[in-house]
Amino acid sequence: MSEVVQKRSGTQMSEVVQEKDNYFKSLRFKKKVGQGIILTILILGSLLILSPIWWMFATSLKDMKEIMTYPPTFIPKEWHWENYGIALEKGSFFRYTWNTLFITSFVVLGNVLANSFIAYGFAKIQFKGRNFLFAVVLATMMIPGFVTLIPQYVLYAKLGWLNTYIPLILPAFFGSAFFIFLLRQFFLTIPNELIEAAKIDGANHLYIWWKIIIPLAKPAIATVAIFSFNGAWNDFLGPLLFLNDESMYTLQLGLQVFKGQNDTQWNFLMAGSIMVLLPVILLFFFFQRYFIEGMNLTAGSKG
Amino acid sequence: MIQMEPKILGKSDIKRNSKHSKTMVSLQRKEGLQGYLFIAPWIIGFLFFLAGPLLFSLYGSFTNYNITSSMDFIGLDNFKKMFTNDPIIWLSLRNTLYFVVVSVPLTTAGAVLLAVLLNQGVRGMRVFRTIFYLPAVLSGVGVYLLWMQLLSPSTGLVNTLLGFVGIEGPAWLTDPSWTKNALIFMKMWSVGGGMLLYLASLQGVSPSLYEAAEIDGASTFRKFFHITLPMITPVIFFDLVTSTIGAFQIFQEAYVMSESGDGGPANSLVFYNLHMWNKAFEVFDMGYAMAMSWVLFIIILVLTVFNLKLAPRWVHYEGEDQK
Amino acid sequence: MTLLILAMSFSLILTGCSSKESGANESGSKSKNGEKVVIDFWTFWGSETRRPIIEKIIDDFNKSQDKIEVKHTYLPWGDVWTKNLASIAAGNPADLIINDINAVGHRAKNNQNTNLAKYLKKDPAVKDRFFPELYNASLYKGDPYALPFNTDTRLLFWNKKMFKEAGLDPNTPPKTWAELEEMGKKLDVKKGNKYERIGYLPNQGIGADVWMINADGKGYWDFDANKAVINDETNVKALTWMKNYYDYYGDKTINNFKAEFGEQTADPFVAGKLAMTTDNANFFTKIRDYGEGMEFGVAPLPEMEPGTGNESWGGGFVAEIPKGAKHPDEAWEFLKYLTDVQAQEYWAVKNFDIVANKEAAEKASTSTEFTEDGKKVYSLANENMKQTLLTPTPIEAPDYINLIQPEIESVLLGKKSPKEGLDDAQKAVEELVKNNK
């Protein structure tokens with residue numbers, strides 16, 4: 001603003017400036033207060049969420065004598081860090097970690113590829129019987145797992161797939177109703193115009209799926225990856241039934257050695273459980289940005 | 001779904017339009033074929049891994065299958081028994097319904113709110129998100145055993161914390177009127193799992209919408225209810241459907257946390273699946289258990305269809321008009 | 001279309017095919033000359049207390065001959081039996097498995113284990129190794145379908161120091177239910193209206209059915225007459241006696257007490273919150289490890305009235321050959337070894353378990369590896385086997401407990417009178433038996 005204008009509208013100007021100042025102050029202030037409230041809620045919530053975890057951690061550091069005292073202590077009297085080492089050894093952790101990692105990586109790969117592939121078909125391609133088949137997909141989610149347990153086990157036995165990782169890995173490459181449903185919901189929010197545009201440019205569906213949909217749906221795919229990782233890493237029933245050789249066991253199975261009929265070794269059980277949960281949580285922490293990186297729809301169509 | 005089939009008029013029209021209509025139809029067919037190609041993996045998987053066991057269990061529900069030695073056809077006897085001779089089954093259904101009706105809305109609402117909270121760009125977001133997600137990753141029997149300790153009436157963590165705010169906590173796992181609530185409480189603790197879903201979907205809500213609303217002077221609440229919520233309804237729908245299906249099948253917690261896996265005290269934790277499990281693996285009446293599972297399937301199916309029919313009224317897909 | 005149907009029928013046939021016929025491979029494979037036969041042995045003993053013991057036993061067996069090699073696989077407690085079932089259905093079960101003793105007949109009826117009669121014909125002396133009650137529990141229609149491995153028995157433990165403090169003779173335990181109740185109340189320590197210490201609670205480590213068995217040798221089921229006797233007179237008396245405790249202490253106190261200590265961590269007796277307790281003989285290990293040198297006494301369960309008997313109750317495990325095992329003959333050889341004196345004594349001493357082999361249990365009672373206290377407890381437990389009863393699952397009503405337990409709980413919560421609750425339970429179980437016919 002020119003000096004002349006400034007001088008002329010002297011008080012007027014400063015009033016306006018002050019008004020504007022107050023306004024901004026109050027907006028920013030409001031925002032800060034808002035943020036402060038949120039932060040407080042989050043901190044309180046975190047403490048609540050973490051307290052059971054602290055209990056686990058505290059238990060893992062006690063010796064059995066202290067675990068058996070009453071009333072239970074909140075903070076261990078002695079911190080037996082060696083419990084972790086013992087749990088590692090007694091639970092054959094290194095071997096089982098390798099096994100579990102092996103299975104989990106393939107399962108995640110299979111789930112991400114297969115389900116995004118199938119979900120794209122259900123979400124964006126018109127074909128006869130689509131709705132009916134999708135209903136069937138949904139229906140398979142509603143069947144309680146363990147009535148198919150025994151027949152499935154027998155099926156795998158006859159195929160000679162017992163005591164291999166095949167029953168644990170192969171089904172992931174053929175899709176799962178839960179993830180198909182999830183991804184289909186996400187894909188439906190992607191505007192058709194993008195796809196039509198690509199088709200006009202001569203792309204076929206495979207290209208569209210690989211080059212357009214998958215990058216756009218990164219948060220959803222990342223969600224599938226993490227859910228799938230979680231599921232496979234923590235799977236207990238599958239490895240229990242299908243594996244016979246202890247050398248092929250997975251981590252969840254291995255943890256069970258500490259659980260007894262009435263002589264559970266709580267400290268090792270908790271130490272083991274914490275160690276089993278670490279990789280997943282680290283994965284989540286470092287790969288968070290893939291959930292949070294926007295879908296970038298705005299870049300193209302919304303503006 | 002509208003099939004764009006050209007109207008068949010007369011021979012001359014056919015001749016004239018034939019080339020055009022042929023391309024249309026063949027394009028459609030090509031499209032349809034591609035569709036089938038894409039869902040082929042699921043179809044193959046279903047036929048190979050699932051169909052056989054499913055049909056087997058369907059047939060099994062009409063027999064006295066006991067897994068190891070008998071499988072004689074007995075018609076509708078299992079179903080008759082379910083409806084007339086099983087004193088526990090109705091209780092188990094009631095227990096299960098209570099759990100579904102209370103836990104599903106609570107956990108869904110909790111997950112949405114949590115995701116919104118954790119999407120605000122407050123400092124340390126990554127840490128907070130990880131902390132809240134942590135319970136969802138903890139799995140297995142160890143967690144249930146942990147919670148049994150946490151829920152101890154006098155010295156458990158839960159009641160100790162409640163005591164700080166002046167509430168005398170109940171005997172969570174030994175008072176029949178509180179046991180189900182104990183499990184619901186546990187589920188709330190791991191609400192971070194669902195939060196993940198919503199975090200991802202919140203990313204798809206364009207910030208320009210919020211900016212526009214702010215210029216119009218919308219308050220936080222209005223922004224939430226009129227922008228955020230509608231935009232994430234597809235995922236809410238997904239979450240509601242899957243949570244309901246999951247809640248109906250609750251089993252593991254009750255099995256581990258009730259005394260000797262029997263759903264006590266006073267059968268308060270006997271859920272439908274627990275009852276089914278007992279029939280299958282304790283009594284070895286697997287045929288009956290299979291019958292039970294198909295009845296549950298029908299119940300869930302009806303509810304889900306209901307949900308699906310209701311969906312168009314409140315679910316909003318940006319991409320297109322869809323069912 | 002045809003492909004569809006083919007694929008579906010393929011998987012259907014495979015699934016349905018073998019579920020039913022699982023006894024096909026009884027003849028198994030005889031070992032080729034010189035080649036060792038490897039048999040699969042499934043247990044749930046993976047903890048560092050149990051695992052080394054069973055593996056040493058296996059090792060000894062393997063070294064003692066060169067025809068059979070036993071391979072041990074650990075499976076988690078509880079889930080091991082789900083897998084057992086699935087594998088029997090699929091026709092590839094283990095050759096030997098450890099299973100619960102009270103359901104042997106139930107499993108036999110459902111064709112899940114192998115009849116051992118033909119083996120016992122060749123080796124009739126084997127059956128005399130065991131405590132008769134245990135061997136009888138492994139029979140179905142007169143034939144053995146498993147051999148007992150280990151067991152337990154309920155005894156009374158009391159804290160001698162607390163007795164002295166309360167003015168009671170530390171060497172004279174209660175001999176009847178009335179004395180138990182009376183002395184228990186003398187041992188209570190109350191501060192205001194909270195109990196710092198309770199003398200005795202009848203549901204700690206023990207249940208209503210044990211007291212019913214103690215009263216007249218019959219719990220819920222009369223095995224001679226083969227029917228439910230849930231609401232017979234002595235049972236009602238026993239339940240009323242238990243209910244009196246709930247009335248006296250208040251069911252809130254008792255339930256809270258139970259909830260506090262229910263989860264295998266602290267034990268109230270060991271923690272000094274209970275002056276007397278009734279529990280397994282094996283409970284001694286908790287006193288030994290965490291009791292900080294507590295002076296304690298151990299005696300048989302008190303009798304209801306003088307002369308009614310100190311019956312106790314026990315459970316236990318058997319080793320059985322699942323139906324369809326590929327090497328039953330070899331499994332039998334190992335089974336014989338497992339239940340023979342050497343292996344059983346070793347297990348008894350190392351694990352402080354009451355074993356099924358009478359001679360081994362006798363020898364263990366005087367083992368030098370036990371402390372004096374240990375010997376005291378073990379030899380008493382051994383003696384107590386004479387009056388220890390088991391409760392096999394009645395074949396006519398395998399899940400009868402699920403109908404009875406809630407009634408008992410209702411009674412103890414004050415919702416029904418003992419007679420009412422037991423009457424309702426009796427009716428429900430009779431219905432169940434009728435429906436199962």
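Student: How many salt bridges are counted between chain B and chain A?

Tutor: The model is a predicted one. Between chain B and chain A the count is 1 salt bridge.

Student: What makes the pair A:K199 and B:E31 a salt bridge?

Tutor: The closest N and O atoms of A:K199 and B:E31 are 3.4 Å apart. The rule asks for a Lys or Arg side-chain nitrogen within 4 Å of a carboxyl oxygen of Asp or Glu, so a Lys and a Glu at that distance qualify.

Student: Which helix gives the largest share of the side of chain B that touches chain A?

Tutor: Helix α1 (residues 11-60) of chain B does, with 21 residues. By class, that side of chain B has 63 nonpolar, 28 polar and 7 charged residues. There are also 10 residue pairs in polar contact between chain B and chain A, counted where both residues have pLDDT 80 or more.

Student: What are the extent and the buried area of this interface?

Tutor: In contact are 98 residues of chain B and 103 residues of chain A. The area buried between the two chains is about 9100 Å², with carbon and sulfur atoms giving 76% of that area. B:F38, B:W42 and B:F49 supply 10% of the area that chain B buries against chain A, more than any other three residues.

Student: How many salt bridges does the rule find across the interface of chain A and chain C?

Tutor: The rule finds 3 salt bridges there. A:D245 forms a salt bridge with C:K71, their closest N and O atoms being 3.1 Å apart. That distance is within 4 Å, and the partners are an Asp and a Lys, so the pair meets the rule.

Student: Which helix supplies the largest share of the side of chain A that touches chain C?

Tutor: That helix is α7(A), which supplies 10 residues. The side as a whole has 22 nonpolar, 9 polar and 7 charged residues.

Student: What area do chain A and chain C bury between them?

Tutor: They bury about 3500 Å², 61% of it on carbon and sulfur atoms. In chain A, the residues that lose the most area to chain C are A:M68, A:Y70 and A:Q261, together 20% of what that side buries. The contact takes 38 residues from chain A and 42 residues from chain C.

Student: What makes B:D77 and B:K80 a salt bridge?

Tutor: Their side chains meet at 3.7 Å, N to O. Since the limit is 4 Å and the partners are an Asp and a Lys, the pair is therefore a salt bridge. Both residues lie in helix α2 (residues 77-84) of chain B, 3 residues apart, about one turn of the helix. Over all chains, the structure holds 36 salt bridges.

How values were computed. Residues numbered from 1 in each chain as written. Chains lettered and ligands numbered in written order. Predicted model: local features only at pLDDT ≥ 70, side-chain atom pairs only at ≥ 80, totals over all residues. Heavy atoms only, no water. Contact = heavy atoms within 4.5 Å. Buried area = accessible area lost by both parts, 1.4 Å probe. Polar contact = N/O pair within 3.5 Å; in protein donor to acceptor, adjacent residues only side chain to side chain. Helix = DSSP H or I, 4+ residues; strand = E, 2+ residues; numbered from the N terminus. Nonpolar A, V, L, I, M, F, W, Y, C, P; charged D, E, K, R; others polar.
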